[in-house]
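Visitor: Hi, I'm new to this one. Could you walk me through it?

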Amino acid sequence: MIKSLLLFHEPQVKKPFILTEDSGNVNSGNTNTGEDSAKTGENKEPSRRKKNENLLLKKVEKIKLTDREKKNQKDGKSDISRQLSENLKTIEERFSASLNGDLIIRQFDITVKDSTIAAFLVFFDGLVNTKVIDDDILQPLMLLSNLDIKGDRDDILKYIRSHILPHNQLKEVHTHQELIDEVYFGGCGLYIDGLESAFAADVKDFPGRSVERPNNELVIRGPQEGFTENLRANTGLIRKRLMDQNLIAENIIIGNRSKTPCSIMYIKDVANESLVNEVRRRLKNIDVDYIMDTGELEQFIEDNPALPAPQMLATERPDRVCTMLAEGRVAIIMHGSPFALVVPITSNDIMYSAEDQFLRFPYSNLLRFIRILAILMSLLLPGIYLAITNYHHEMIPTDLLLAIMSAREKVPFPSVVEVFLMEISFELIREAGIRIPGPIGPTLGIIGALILGQAAVEANIVSPILIIVVAVTGLGSFAIPNFSAGFAFRILRFAFIMLAALSGFLGITVGLILIGLWMVSAKSFGVPYFAPIAPRTAGGFTDAIFKSPAWKQEKRPDYVNAKKQKMQPKISRKWALANENSQSGDDDKGDQNG
Amino acid sequence: MDRRKRLIAIIMLVAICPLLASCYDAREVDDLGFVIAMGLDRGKTNTLRMTLQIAKPMAGADGGSVGDDLSYEQFSVEAPAVFSGLNMINTFASKQISLTHLKVVVFSSELAREGLKPYLNAMLRGKEFRPNMPIVVARHTAEEYLKSVDPKLVTNAAKYYELVFQSYKYTGLIPKVEFHDFYLASKSPCRNPVAILGDASKFKSVEEFDIKNSTYMDHHRSMPFEGDLFAGDIPALGGARAENVGLAVFDGDKMVGELDGTNTTMYLLCTGDYIHSYWTFPDPLAEGRYVLMNVKQSRKPKHRVEFVDGKPRIDIMLNLEGDLVAVQSDIDYETGDNSLVLESAAEDYIKDHVQKFLDKTINEFQSDICGFGAYARAHFMTWAEWEAYNWHTKYKDATFNLTVNFKVRRPGLILRSGTSEAMESRRDDQ
C-alpha cells in the first residue's frame, strides 16, 4: 500500500456524469453515445428484458403495445407448442410444480359447438383474485362459450379474445418466459390446445396494506396519503395527482432473480432527457440477483457512496414526488417499497418538509429557519459546548461560567467523557425505542427520563447543564425532516465532539472546512450537491433556503436543467390585472418586480 | 487507488490533529479559579501588594442556600510584579488562576500618583486581560476597596462589577473607562486618561454622616447636590460599601488629581459619552425651589479647535434636551414663555458648570482629559509637526468658547400644570 502511495500512477480519467444545461435540448443519443445501449433499444426487436418491461406498460403506451404485438405475430418466434400436453409439461417443469404448493394448474375443457378444446390455467394462489378468475375467465370459457365459431381454428384465438373473455387486461403472449413472468407478478396464464400463443390475464390481488397515512413524513396541512408496497398503487397515487399527459411511467425490471418491477417516472417534456437516460442507464446496469427495497437500490445507484448525506430523496408522500416531478426531476418507484426515490436532489431538499409547499410563505420560512437551527444544533452543539468549556472560557458570560463550574464541581469525569456518555446513552434510548415491542414502549420513556434526566445528575455522573445540551441536540436531530440526513448529522456530531475535544474551535473549524469541501465536491445525478448556493445558479433563491410566495416561484430550479425553465409567467395572479382600474394593476406589477 | 489515497490522506490529517494539539490547552472549567477583580497597592515588603477576588462556583445550582457567604474568596500577596504575584497565589490557591473573566482592576491612588506604566504594560501583553475592563483608582487602598464589595442585589460579585461600572449611562457620576482606551490615552500626544474614582464608604452608621468633604461650596450652593461628593463620602448606608463617584485625572500614566461627581458629568458632556441622568436645577422663578429634569444628550457635542495668537481656542457646542420630572414650585413650565425662561436658565447653569470644569482641567491639572487635542491635530500637516508642537504643554493656555443648546422636550405625565378652573372642570366631567 505504501508503494502504491509513493509511486506515481497515471490517473484514469473517467468522465463522470454531469447534468449540463445543453444536454436537455440536444437529442439524447448524442450526449451519451457508447454508454447507453438501452435507450436505443426502445422500439426495436424485443429482447427478453424488453418484454419483461412490456408486461407492465401503461395505457399511455397502448398504441406501441399493439404495434409490438403485430410485430411479434409476424416474427412468429413462438416457443409455445400447439400441443397442450407439451405446454403443460413445460410449465410444470418451469414452475417446479411438484414442489410449489401454491401453484395452481387448472385443467378444463372449452366447449364449442361441435367439440371441446382442452385448456389449462396457471396461477399462484395468493397473488391473484380468485373471484375474478372464476367469474371472468373460467365461467365464460366453460359455460358461455357454447357458440358458433366460424372460420378456421386459428381464429379461435382472436375470437376468444374479442368475444368470450370479458376480462379487461388480457394479453397475448408468445413465449413461455413471458407468461411465467406475468404469472409471477400476479397474472393468470391460459393455454389452449392447438394455439401457438397463450393468454396472460392480469388478475393480481396481492395481499398488502391499503393506502394509509405516511408514517414518517407527517404533515398537518396537506394530503394524508402515503405510498404502499404495491407498485401500481403507487404509480396510481402519482397519476391521480399529476394528470399531465406527458407524465411517463417507464417500466424496468431490476434483479436477475428477484425481477423486481420498478417504474421510472418523469414528465416527458420537462425532465432533462440526459437525466432520464442516466437514471435508466444506472438502473439497467445493476447486476444483482435480488433487490428488495429502494433503500438498497439507493446504494446501487448513488454517486458518492461514502458521503454522509443522502444523495436522493426517499419519500413516502406521493404529493412530494409530484411536486418534484413537476420541477423536472425523476422518480424511481419500486415494487415492494413504500418509499419512492427522487433524483437529483441538493442539500436544500433534505431540509424541506412536504408541508413547506402548502403553508403560506411566512409560516414555512419560520419552519425552515427553525430547521436550519436544528441542523446546526444537532451537528455542533455538543462540540461547541466542549470547545468553550475546555478552551475558550472567555466566551461565556461569567454567570453562566460559574453555573457550569458549580454544576461540574462534583463530576469526576472530564467533560469529553461526560458528553460521550450522554450522547451514547441517548443513542441507546433512541435505538431501543425503535426495537422495543409496542406494549412495553412507555416503560422506555420512564427509564430514559429517569436515567438521563435525574439519576445521572443526582449520582454526579454528569452535570445538569450537559443534560440540557444533549437534550437540545436530540431535539434538533429529530427536527430534521429527512430521516437519512438525520443519520448524517448524528454521525458527524461525534466527529465534531472529537475535534472539539482535541483542539477547540480550531478543530471545529477544520471539521467544517473538510466537510464543506466534501459536500461541495459531491454530486447527485450530475448536479452539484450544494447547487443553488455553491455553485450559485441564476434565480436559485426563490426556493433555496427561504421560500418566496408560491406565485413568485416562476422558474424551475436552474440546476435541474429542465427542458422548460418557466413554471409560471412573471405575473401569474392574472386576476389582479384583469381589473380595469390601472392603479391596482400597476401596484401588483411593482409588487412582483420588487 | 485514488479514493484510497484520499482516504489515507484524510486519516493522516485527522491523526496528526491530536499530535499537534493533544488537548494541550484544554482546561476544565472547574479546574480553574476565575479572578473577577484585581487590586494593586504599594506593598509593605515588596513593590506590590496584589489582591485577587476569585469567584466561588455559584451556589444554588443544586438548591444550596447562598446564606451570608460571599460569592468570592479574597487573596492578597506581596510580589514584585503582577505575574509573579499570580505565580505566588497559585502555590496556595487550589485552582489554577485564570484572568479571562477579570472584571475590574483597582489601583490605589498612591500607586497611581507614582505612575502606572509598569503595570499597564503587563496587562496589555497578558493575553488573558480583557481590553474592555474598567480601571478604578481607590482613594485609599485597593485592598480595602475590594474588601468592601459585598453586593446585596446580585448573587455574585462578577455581576456586580459588570453592572456597577455601567452606571455612567444613567447617573453621569463616573466616567466611561475601558482599559484599552486608558492605555492608549496614557501614551497619546492628544489626550490624557481618566479612571473611575472609588473608595470604601467611611460611614458605619447614620450618626457619623457629615458633608465636610463635599464640594458644594466650590459650586456655590447652600447644600450638596448628588454629584458634589467624592467616592467614600456619600452619606449612605446599605448595599455594597464600595462607592464609585467622580474620576481620577491622569497626566500620562500618573494621577494628578480628583474630580467630584458633578465635574464628572461635565466631563462626560464634553466627550460625548454622556447618555442621560437626573439634574437638579435651581428654579429660575422661585427662590429656594428646584426643577428636576432628566437631561439627555440629543446630539453628540461638536468640537473645533482654532489657534488664536498661537494659543488654542476650543469651541464646544453641547446639544441637550430635558424632560421635566419634578417642578417643586408647581409653576407652569410646560408652555409659553416660562419654558423659554427655564431653558435659558438651564443653559446658563450648564454652561457655568462646564466652564468651571474646563477651567479646572487647565488651572489645577493642566491635563487634556477630554481629548481636545484630537481636534487640534487637524491644523498640522505632519505627525512630526504635531508631536513637536507638544499639545500637552500648550493645553494650559487654551481658552474655551462654549455654546449650550438646551430644550425642554417632555413635561412628563402632567401635560399642563393645572389652573384652578381647569381642575374644577375636570372634576365636573367625572
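Guide: Accessible areas come from the Shrake-Rupley method with a 1.4 Å probe, and for residues only the protein chains shown count as cover. A salt bridge is a side-chain nitrogen of Lys or Arg within 4 Å of a carboxyl oxygen of Asp or Glu. This is a predicted model, where local features need pLDDT of at least 70, side-chain atom pairs count only at pLDDT 80 or more, and totals for chains, interfaces and linings use all residues. Residues are numbered from 1 along each chain as its sequence is written, chains are lettered from A and ligands numbered from 1 in the order in which they are written, and side-chain values use heavy atoms, leaving out hydrogens and water.

Visitor: OK, which residues make the nonpolar surface patch?

Guide: A:Leu506, A:Val510, A:Ile513, A:Leu514, A:Leu517, B:Ile10, B:Leu13 and B:Val14 make it, about 700 Å² in area. Two elements give two or more residues each: helix H18 (483–521) of chain A and helix H1 (2–20) of chain B. Helices here are DSSP runs (H or I, at least four residues) and strands are too (E, at least two), numbered from the N terminus.

Visitor: Which one gives the most to the patch?

Guide: H18(A), with five residues. B:Leu13, for its part, sits in helix H1 of chain B.

Visitor: How many residues does each chain bring to the contact?

Guide: Chain B brings 34 and chain A 29, counting heavy atoms within 4.5 Å as contact. Together they bury about 2,800 Å², 65% of it on carbon and sulfur atoms; buried area is the accessible area (1.4 Å probe) that two parts lose on being put together, summed over both.

Visitor: And how many salt bridges go across the interface?

Guide: Four, by the rule above. One is B:Lys159 with A:Asp399, whose closest N and O atoms are 3.5 Å apart. On chain B's side, H1, strand S1 (32–42) and helix H6 (157–164) each supply at least two of the touching residues, and H1(B) has the largest share, six residues.

Note on methods: Patches are made of residues with over 30% relative accessible area and no salt bridge: like charges are joined within 9 Å, nonpolar side chains (Val, Leu, Ile, Met, Phe, Trp, Tyr) within 5 Å.
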